[in-house]
Amino acid sequence: MQRTREDWIGAGLRTLASSGIEGVKVEALAKELHISKGSFYHYWSDRAEFLEALLVDWEVHGTRRIIDELEKITSPHERFRRLFESTFSGDKRLEAAVHHWANVDASVAQRVARTEDMRKAYTTKILCDMGKPFTQAREIARIYYLICLGWIDWSQRNEYPASEIADLYQTLMTYVS
């Protein structure tokens with residue numbers, strides 16, 4: 001069975017999320033995909049190139065596509081609500097794994113920092129669109145992002161009832177409004 005580039009990336013991201021960067025090994029991924037390692041080299045020249053592809057996928061799906069989708073929403077309040085929902089719902093294991101990877105690899109740390117800057121800048125833009133002065137919006141975005149990072153870490157050890165996410169949003173809005 002021929003596996004696609006996307007199959008390899010999907011397997012790599014799942015392994016990264018469940019086992020960390022140390023678990024992302026070509027042989028183990030080939031076993032998971034039930035194919036030979038040769039298929040891997042059809043798409044990438046080495047593991048480093050593959051890891052780069054994982055980072056690009058994380059950037060695109062975890063930031064760029066979310067921003068593109070949010071930008072289709074005309075109401076800044078609704079964009080902020082949807083940003084909140086995507087931030088505080090769903091499995092955050094991949095996000096946590098990428099941040100842990102950044103702790104041990106300086107080049108990954110630089111990529112994560114650039115992505116974080118993009119996320120904070122977009123949150124600042126939404127808050128400005130909601131009527132906040134730029135300086136205040138930038139500070140709120142920075143605090144919001146730090147809360148997001150805490151959430152990513154905390155959610156790896158704890159389960160928060162989805163029904164209470166709406167209450168968190170309402171509480172946050174009392175400070176943002």
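Mentor: Let's start with Glu95, which touches Trp58, Arg119 and Ile152 once residues up to four places away in sequence are left out. Touching, or contact, is heavy atoms within 4.5 Å. This is a predicted model, where local features need pLDDT of at least 70 and side-chain atom pairs count only at pLDDT 80 or more, while totals for chains, interfaces and linings use all residues. Residues are numbered from 1 along each chain as its sequence is written, and side-chain values use heavy atoms, with hydrogens and water left out.

Trainee: Where is Glu95 found, and is Glu95 buried or exposed?
Mentor: Burial is read from relative accessible area: under 20% is buried, over 50% exposed, and in between partly exposed (1.4 Å probe, protein chains only). Glu95 is found in helix H6 and is buried, with a relative accessible area of 13%. For the chain of 177 residues, buried ones make up 42%.

Trainee: How many helices and strands does the chain come to?
Mentor: Both are DSSP runs numbered from the N terminus: helices are H or I of at least four residues, strands are E of at least two. Here you get 9 helices and 0 strands. The C-alpha trace spans about 55 × 30 × 30 Å along its principal axes. Among contacts with a separation of 6 or more, 67% are between residues 24 or more positions apart.

Trainee: Now pockets. What volume has the largest pocket?
Mentor: Rolling a probe the size of a water molecule over the atoms shows where empty space is left. On a 1 Å grid over the protein atoms alone, a pocket is an open set of points where a 1.4 Å probe fits, with protein on both sides within 12 Å along at least five of seven lines; lining residues have an atom within 4 Å of a point. Points are joined across faces, edges and corners, and the volume is the space filled by probe spheres set on them. The largest pocket has about 470 Å³.

Trainee: Which residues lie nearest its centre?
Mentor: Out of 21 lining residues, those are Gly62, Ile66, Lys92, Glu95 and Arg119. So our opening residue turns up again. The elements giving two or more residues to this lining are H4 (47-70), H5 (76-88), H6 (93-104), H7 (106-129) and H8 (134-155), and H4 has the largest share, 7 residues.

Trainee: How many of its lining residues are nonpolar, polar and charged?
Mentor: The classes go like this: Ala, Val, Leu, Ile, Met, Phe, Trp, Tyr, Cys and Pro are nonpolar; Asp, Glu, Lys and Arg are charged; the others, Gly among them, are polar. The lining has 10 nonpolar, 6 polar and 5 charged residues. The second largest pocket has a volume of about 210 Å³, and its 14 lining residues include Phe88, Trp151 and Tyr160 among those nearest the centre.

Trainee: How many aromatic pairs does the count come to?
Mentor: Rings of Phe, Tyr and Trp (its six-membered ring) pair if their centres lie within 6.5 Å; planes under 30 degrees apart are stacked, over 60 edge-to-face, the rest tilted. That rule gives 13 pairs. One of them, Phe88 with Tyr144, is edge-to-face at 6.0 Å centre to centre and 75 degrees between the planes. This pair links distant parts of the chain, with Phe88 in H5 and Tyr144 in H8, 56 residues apart.

Trainee: Why is the pair of Trp151 and Trp154 tilted?
Mentor: Because their planes are at 35 degrees, with ring centres 5.5 Å apart. These two are 3 residues apart in H8, so about one helical turn separates them. Trp151 is buried at 13%, whereas Trp154 is partly exposed at 31%. Ring pairs link both into a cluster with Phe80, Phe84, Phe88, Tyr144 and Tyr169.

Trainee: What phi has His34?
Mentor: Most residues other than glycine have a negative phi. His34 has a positive one of about 60 degrees. It sits in the loop between H2 and H3 (38-43) and is exposed, with a relative accessible area of 67%.
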